[in-house]
Amino acid sequence: MTQRLHLVFGGELVDPSQNIFKNVDDIHIVGIFPNYAAAFDAWKAEAQRTVDNAHMRYYIAHLHRLRDEEAAASSTEELG
């Protein structure tokens with residue numbers, strides 16, 4: 001079974017109309033989740049927690065889309 005990992009992260013933006021972080025060192029990594037539903041729940045909790053700051057944004061990155069499952073694995077991926 002293919003695992004579909006998702007990363008939830010966010011931080012303060014320079015301008016709410018753009019996706020440019022004010023300080024990359026301050027990006028909040030919420031976590032990596034095994035499916036979209038769990039990632040969505042975490043994203044929603046953080047978005048609601050920071051709703052009073054219009055410059056704060058949280059995102060869900062689909063980590064599973066960054067990989068080509070048909071391509072050969074690198075030597076570091078085959079350590080198990």
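**Fold and aromatic pairs of the predicted model**

The protein has one helix and three strands, where helices (H or I, at least four residues) and strands (E, at least two) are DSSP runs numbered from the N terminus, and along the sequence these elements follow the pattern β-β-α-β. The structure is a predicted model, in which local features need pLDDT of at least 70 and side-chain atom pairs count only at pLDDT 80 or more, while totals for chains, interfaces and linings use all residues. Residues are numbered from 1 along each chain as its sequence is written, and side-chain values use heavy atoms, with hydrogens and water left out.

Of the 80 residues of the protein, 21% are buried, a term for a relative accessible area under 20%, with exposed meaning over 50% and partly exposed in between (1.4 Å probe, protein chains only). Among contacts (heavy atoms within 4.5 Å) between residues at least 6 apart in sequence, 59% join residues at least 24 apart.

Aromatic rings of Phe, Tyr and Trp (its six-membered ring) were paired if their centres lie within 6.5 Å, with planes under 30 degrees apart counted as stacked, over 60 as edge-to-face and the rest as tilted. Five aromatic pairs are found by this rule. The pair of F40 and W43 is tilted, because the ring centres lie 5.3 Å apart with the planes at 35°. Both residues belong to helix α1 (residues 36-49), where they are three residues apart and therefore separated by about one helical turn. F40 is partly exposed at a relative accessible area of 32%, and W43 is likewise partly exposed, at 27%. Elsewhere, ring pairs link F9, F21 and Y59 into a cluster.
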